[in-house]
Amino acid sequence: MVFRLRPLDVILNFEDRSYKLGETISCNVELDARADVDVREGRIDLVCQVHWAETYTVMVPAARPSRSGAVVGLTGSTYIPPSVPKVVSKDHKESYIHSSVVFLQDAQLQSTSRKTYQAKLEIQPETPDNADKGTVSWSVVAAIDIARARDINKKQKVRVTLT
């Protein structure tokens, strides 16, 4: 039953260099089965994470404190306090799959077998949304969808330049 928690060991290899949009990353994926497993799908994803901060101004009511510190208004009529500008900053973090390739589908791996698969991940030429507003980081993820067991994800950082 322990094999259901981690039925496969995954080793992901690719050349450690800087890639450009539109290039291809040649990946070797080594699957070492600890038990008999049914793999629904094995794929390589290029995950893009964009992080930026947005600053804007909002108007907030200016409160008139009383001597006791409580906010007071006019009695018998509606009091609308004056507004003052306030600068607000909001952090954004967006992650999505930028490019993907399937290298294995509907396969059975036998216990103690070790297989190596090659995949060519073509980096799409499109610049990520909001990339001009902040920083962009990239990861190559080997995602293995296994029937009746926990799915396996192996993640490694990769350098991708936008120019």
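Arg159 counts as partly exposed, at 45% relative accessibility; partly exposed sits between buried, under 20% relative accessible area, and exposed, over 50%, with a 1.4 Å probe and protein chains only. Its salt-bridge partner is Asp16, and the closest N and O atoms are 3.3 Å apart. By salt bridge I mean a side-chain nitrogen of Lys or Arg within 4 Å of a carboxyl oxygen of Asp or Glu. This pair links distant parts of the chain: Asp16 is in the loop between S1 and strand S2 (18–20), Arg159 in strand S8 (residues 152–161), 143 residues apart. Strands (E, at least two residues) are DSSP runs, numbered from the N terminus. Asp16 is exposed, at 66% relative accessible area.

A word on the source. This is a predicted model, where local features need pLDDT of at least 70 and side-chain atom pairs count only at pLDDT 80 or more, while totals for chains, interfaces and linings use all residues. Residues are numbered from 1 along each chain as its sequence is written, and side-chain values use heavy atoms, with hydrogens and water left out.

Next, Arg40 and Asp145 form a salt bridge, with 3.1 Å between the closest N and O atoms. Arg40 lies in strand S4 and Asp145 in strand S7 (residues 135–146), so the pair ties together parts 105 residues apart in sequence. Arg40 is partly exposed at 42%, and so is Asp145 at 23%.

Then Asp9 with Arg34, again a salt bridge, closest N and O atoms 3.1 Å apart. Asp9 is in strand S1 (residues 8–14), and Arg34 is in the loop between strand S3 (24–33) and strand S4 (37–61).

Finally, Glu15, Arg17 and Glu23 are linked in a network of salt bridges. The structure holds 10 salt bridges.

Key. Helices (H or I, at least four residues) and strands (E, at least two) are DSSP runs, numbered from the N terminus.
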